[in-house]
Amino acid sequence: MAKKYVVIGASVAGLAAVDILRKQDREGQIILISKETDIYSKCIMHFYMTGQRTKEELSFVKENFLEENRVCWVKGKEARRIDTERKQVILEDGERIEYDKVLVATGSHAFVPPVEGITDTGNVLAFHSLKDCDEMMEISENVRNIVILGAGLVGVDVAYGLSGRYKDKNITLIDMKGHMMSIQLDERAASVYEKEFAARGVRQIYHTGIEKVEKNTAGNIQSVLLTNGKTIPCDLLILAAGTRANTELALASGLQTDQYGLVIDDTCRTSCEDIYGAGDVTGRDMVWPAASKEAMTAAYNMTGTEEHMTDFFKGKSTINMFDIPAMAYGMPEAPDDSYTVECRVGEDGSYQKLIHKNGEICGVILQKNLEYAGVLNQLISSRPDLTKLEKPLLDIDYGDLLWLTGECVCEI
């Protein structure tokens with residue numbers, strides 16, 4: 001009898017799992033359940049804001065992907081609970097869908113910081129989904145002063161999209177850290193993007209947060225009081241200060257969670273047999289490559305092929321704004337003097353930085369010129385003993401990799 005696979009969530013993790021499930025099991029039934037009614041990449045919504053892409057062009061799969069893979073998509077419905085004894089997924093309208101194996105890929109939501117007045121004031125939006133993006137663009141047409149709280153990857157994307165969409169708005173980016181994208185980049189790499197934003201009129205305020213929001217008589221926001229004591233006008237506040245895992249389904253189903261999210265092992269199985277997890281719902285490594293790899297690992301195990309997850313993609317991010325690409329992995333700054341830091345700046349303005357300790361790479365930043373990414377990916381994934389090398393890591397090539405690993409290494 002053909003197996004019945006249920007995938008909950010239609011973002012990168014869910015669809016990566018669908019792809020592997022169908023490749024591994026040509027006869028099995030695949031049911032995709034999602035609250036969302038569109039398939040889109042959150043990573044490129046800023047191009048939708050600027051008009052560089054249509055809503056349809058946000059999709060990261062082929063137009064007929066679901067049809068080709070014979071997937072039944074139950075869209076616009078939320079999965080509320082998994083009945084683990086009867087092996088059924090219960091939807092918001094009471095419908096029950098049976099399964100042999102199920103993947104929980106319910107993603108995450110925007111974090112709303114505990115700022116006074118933030119929850120009962122109009123024109124305050126938590127930015128996370130395409131629905132949020134559409135609402136933000138609608139409101140932004142009729143306001144003058146826009147404040148973005150959070151200068152991480154999401155906040156920077158919003159600033160990029162809005163500054164490309166409008167030339168007559170006052171856009172301010174605020175963050176408690178000392179520079180933008182502080183989790184991914186060091187101060188030097190971040191400054192390259194900060195200068196580009198400043199040239200486009202985006203005001204940036206760092207080492208600062210929002211203490212209180214103030215509203216007008218209509219109940220909409222009119223200004224924000226900063227932690228430095230200053231008040232700035234604000235007609236639209238966009239919250240991009242981090243994300244939290246969507247664990248409601250996991251909790252309602254009795255699956256093990258922790259302070260981060262859904263707990264999975266290295267096969268991506270949860271605490272319940274036949275139930276797997278992948279992506280932002282775990283609350284760990286909340287980036288596209290990690291979500292995809294976890295989902296693929298889960299799908300292999302769901303179909304009976306043993307596969308184990310590695311942390312190769314932990315903390316790995318790619319950035320491309322203003323035609324300036326960057327790749328970041330691990331820590332952007334060495335925490336103490338026990339780490340070795342290698343830096344190199346090219347005549348073309350390219351920047352390379354490596355942080356390593358005891359023969360292990362702990363952090364990488366490549367900016368503008370990413371030609372060295374292939375070598376670094378191999379170093380990170382194969383984990384050779386780098387203490388054998390007698391030259392700087394930034395000077396190694398594929399010949400060195402072959403010598404270190406004893407294997408044939410092809411450029412990726």
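Is Leu354 buried or exposed? Let's start there, and keep in mind that this is a predicted model. Leu354 has 0% relative accessibility, so it counts as buried. You'll find Leu354 in strand S22, which covers residues 351-357. Skipping sequence neighbours within four places, its contacts include Thr340, Val341 and Glu342, plus Leu376, Leu393 and Leu394. Thr84, on the other hand, is 270 residues away along the chain, and its C-alpha atom sits 46 Å from that of Leu354.

Okay, over to helix H4, residues 130-140. Among its buried residues are Leu130, Cys133, Met136 and Ile139, and Asp132 and Ser140 are on that list too. What covers them? Helix H2, helix H5 and strands S9, S10 and S16 are included in the cover.

Keep an eye on Met136. The largest nonpolar core has 46 residues, and Met136, Met180 and Tyr193 touch the most other members. Leaving out residues up to four places away in sequence, Met136 touches Met49, Leu125, Phe127, Val158, Leu162, Leu236 and Ile238. There's also a second, separate core of 28 residues, with Leu15, Ile39, Ala105 and Ala295 among them.

Last stop, the second largest pocket, at about 350 Å³. It's lined by 15 residues, and the closest to its centre are Asp38, Ile39, Ser59, Glu63 and Trp73. By type, the lining splits into 7 charged, 6 nonpolar and 2 polar residues. Helix H3 (65-68) and strand S3 (71-75) each put in at least two, and H3 has the largest share, with 3 residues.

Notes:
Residues numbered from 1 in each chain as written. Predicted model: local features only at pLDDT ≥ 70, side-chain atom pairs only at ≥ 80, totals over all residues. Heavy atoms only, no water. Helix = DSSP H or I, 4+ residues; strand = E, 2+ residues; numbered from the N terminus. Buried < 20%, exposed > 50% of the residue type's maximum accessible area, 1.4 Å probe, protein only. Contact = heavy atoms within 4.5 Å. Core = buried A, V, L, I, M, F, W, Y, C linked by side-chain atoms within 4.5 Å. 1 Å grid on protein atoms, 1.4 Å probe; cavity = no way out; pocket = protein on both sides within 12 Å on 5 of 7 lines; lining within 4 Å. Points joined across faces, edges and corners; volume = space filled by probe spheres on them. Nonpolar A, V, L, I, M, F, W, Y, C, P; charged D, E, K, R; others polar.
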